Amino acid sequence: MPGSGVKDMQAWKHFRTITHHKRLVMRGCFRVGLYWQGLVHDLSKYSPVEFFVGARYYQGNMSPNNAERLDRGYSQSWLHHKGRNKHHLEYWIDYGLPPDGGIIGMRMPDKYIVEMFIDRVSASKVYQKDSYTDESAWKYYKKGKSHLLLHPEVRELLERLLLMLAEEGEEKTYDYIRREVLKNK
């Protein structure tokens, strides 16, 4: 089939990208004692509905979900992914009870906030490659934070970890997570 080599190459590059990301998250989760979460992180990315879309829209410098959104107006892959992975804030969006009402971000368990932090750091490392710094994940978060539906306690912890990483580095931040955030988990 003509042209299938290009598609095969994109599929291979996508596989390598998601596997590299998964391995970085796994290492980060292991560093803080979240062994099971590290092992099962983002396994849905290997499912057909996510993998084939990811391969088709593979860019190498951004999430294929964004390219799918630009093309289709929504991302089928993302809708599948966020509904199966508790480290995504979108998994925790629900209707609030009165008097709050409306769509709100629910309180995530700390272990998923930590995984979300590690996920963001790992994604920055994957997409920014050699230009990554400890400030990268914080800078990316700052650009879009006003649009995120986060429970106030979730926002506070995520921002504390991102800022700590930016200001004090990875070793100190991961040690803090292990000793303080997850100490009773």
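Helices α2 (35-40) and α6 each supply at least two residues of the lining of the second largest pocket, and the largest share, 4 residues, comes from α2. Helices here are DSSP runs (H or I, at least four residues), numbered from the N terminus. Please keep in mind that this is a predicted model, where local features need pLDDT of at least 70, side-chain atom pairs count only at pLDDT 80 or more, and totals for linings use all residues. Residues are numbered from 1 along each chain, and side-chain values use heavy atoms, without hydrogens and water.

A pocket is an open set of points on a 1 Å grid over the protein atoms alone, where a 1.4 Å probe fits, with protein on both sides within 12 Å along at least five of seven lines; lining residues have an atom within 4 Å of a point. A volume is the space filled by probe spheres set on the points.

| Pocket | Volume | Lining |
|---|---|---|
| Largest | about 1200 Å³ | 40 residues |

In the largest pocket, Ser63, Asn66, Ala123, Tyr127 and Tyr140 lie nearest the centre, and α6 gives the largest share of the lining, 8 residues.

Helix α6 (residues 110-128) also packs against α8 (residues 152-168) at an angle of about 40 degrees, with the axes (lines fitted to C-alpha atoms over the stretch in contact) 10 Å apart.

Definitions and conventions: Axes are lines fitted to C-alpha atoms, for helices over the stretch in contact, and angles run from 0 to 180 degrees between N-to-C directions.
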